[in-house]
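Let's take a walk through this structure together, starting with its aromatic rings and going on to its charges and one of its helices. Have the sequence and the 3D view ready.

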Amino acid sequence: MEQLRLFEDLIAANNIWDAHTVGKNLYSKDLGNKDIFSKYFDFTCTIANYPIEIKTRKYFISEAETALVFYSENAEMSTEQLLFIKACRDKLIKTSNAIMELEQEIISKHNDKLVADNNELLTELVDYKNKLLSAKKQEDFDALLIKINEKENTLIKDALTNEQKALYDTLTKEYSVIISDKMMELNLLSNTEYNRTAVKDFKHVFDEFRENEAKYKNSQSQLFTLVSKRLFSYDPAKLFNETLIYYNHVYSFVFSKLDDEGKFRLTQISIDTEKIKR
């Protein structure tokens with residue numbers, strides 16, 4: 001038969017999909033033909049045993065199962081036929097079990113890898129928590145937050161074990177407290193440094209003006225350069241009370257030494273100078 005030869009030639013050429021199409025068509029035309037069924041059934045079972053992707057193997061074993069059902073319904077029954085069908089069913093069950101076992105093994109390995117990967121990520125998150133506690137600069141703190149966010153987003157949360165979930169929940173609570181406290185700490189450190197710098201600049205203005213009073217009283221450009229960069233460039237909202245007291249002392253000293261025009265100009269400079277945001 002020409003179609004049967006085509007089926008066999010396609011199998012020999014390892015063209016499994018075309019062979020399946022031709023074989024299924026051939027078998028469907030004569031559902032009770034034992035010889036054709038055997039060739040088609042053996043072919044589908046053989047492919048189902050190939051070391052290929054599980055999805056394809058399950059498809060072919062399903063095709064073999066369907067073929068056996070139709071054959072069982074259409075073949076002439078006899079003791080020999082029953083034994084043949086039973087042998088086919090045993091072969092089918094054996095192959096199906098092998099596929100299911102392999103699938104479970106693959107799933108198990110995949111899950112084990114997810115657990116191992118999550119363990120590694122949680123360990124890194126614990127490490128980053130300690131680094132966050134030690135951060136002394138805003139840029140270091142911000143960089144750590146980016147890395148922490150990346151690690152957390154990489155976690156496969158649905159695959160967390162109960163133990164991992166407990167650790168993750170604990171870390172989430174601890175991070176919330178640490179981040180809040182660290183932001184306050186860094187803000188205080190930043191403000192403290194801001195005030196230290198401000199006090200140094202205020203003293204520079206006081207000393208420079210006192211030593212070169214005539215220079216600054218007689219030149220508005222010189223006065224502008226001195227006070228705009230060193231006195232008026234600081235944001236009063238970020239200055240401590242002690243710093244503001246010293247600022248007022250320096251400002252009052254300079255203001256008291258200027259004539260009316262100088263006082264007006266000093267006030268203008270104070271209003272127009274852009275404040276340093278740190």
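The structure holds 20 aromatic pairs. Here rings of Phe, Tyr and Trp (its six-membered ring) pair if their centres lie within 6.5 Å; planes under 30 degrees apart count as stacked, over 60 as edge-to-face and the rest as tilted. Take Trp-17 and Phe-60: this pair is tilted, at 5.2 Å centre to centre and 45° between the planes. Trp-17 lies in helix α2 and Phe-60 in helix α4, so the pair ties together parts that are 43 residues apart in sequence. Helices are DSSP runs of H or I with at least four residues, numbered from the N terminus. Phe-60 is buried at 0% relative accessibility, while Trp-17 is partly exposed at 44%. Buried means under 20% relative accessible area, exposed over 50%, and partly exposed in between (1.4 Å probe, protein chains only).

Before going on, a word on the ground rules. This is a predicted model, where local features need pLDDT of at least 70 and side-chain atom pairs count only at pLDDT 80 or more, while totals for chains, interfaces and linings use all residues. Residues are numbered from 1 along each chain as its sequence is written, and side-chain values use heavy atoms, with hydrogens and water left out.

Now look at another pair. Tyr-194 is buried, with a relative accessible area of 1%, and Tyr-234 is buried too, at 3%. Their ring centres are 5.4 Å apart and their planes at 75°, so this pair is edge-to-face. The pair links distant parts of the chain, 40 residues apart: Tyr-194 is in helix α7 (residues 162-211), and Tyr-234 is in the loop between α9 (220-230) and α10 (241-257). Both belong to one aromatic cluster, together with Phe-202, Phe-232, Tyr-247, Tyr-251 and Phe-255. Charges sit over some of these rings, meaning that NZ of Lys or CZ of Arg is within 6 Å of the ring centre and within 35 degrees of the ring normal. Lys-238 lies over the face of Tyr-194, at 4.8 Å from the ring centre, and Lys-263 lies over the face of Phe-255, at 5.2 Å.

What about charges that pair up? The structure holds 19 salt bridges, each one a side-chain nitrogen of Lys or Arg within 4 Å of a carboxyl oxygen of Asp or Glu. In one of them, Lys-34 meets Glu-80, with the closest N and O atoms 3.9 Å apart. Lys-34 lies in helix α3 and Glu-80 in helix α5, so this pair ties together parts that are 46 residues apart in sequence. Lys-86 and Asp-90 form another, at 3.2 Å; both lie in helix α5, 4 residues apart, about one turn of the helix.

Lys-34 brings us to helix α3 itself. Helix α3 (residues 34-48) has 15 residues and reaches 20 Å from its first C-alpha to its last, close to the 21 Å expected at 1.5 Å a residue, where the expected span is 1.5 Å times one less than the number of residues. Among the buried residues of α3 are Phe-37, Tyr-40, Phe-41 and Thr-44. Thr-44 has a relative accessible area of 0%. Leaving aside neighbours within four places in sequence, Thr-44 is in contact (heavy atoms within 4.5 Å) with His-20, Phe-60, Glu-63 and Ala-64.

Technical notes
Helix = DSSP H or I, 4+ residues; strand = E, 2+ residues; numbered from the N terminus.
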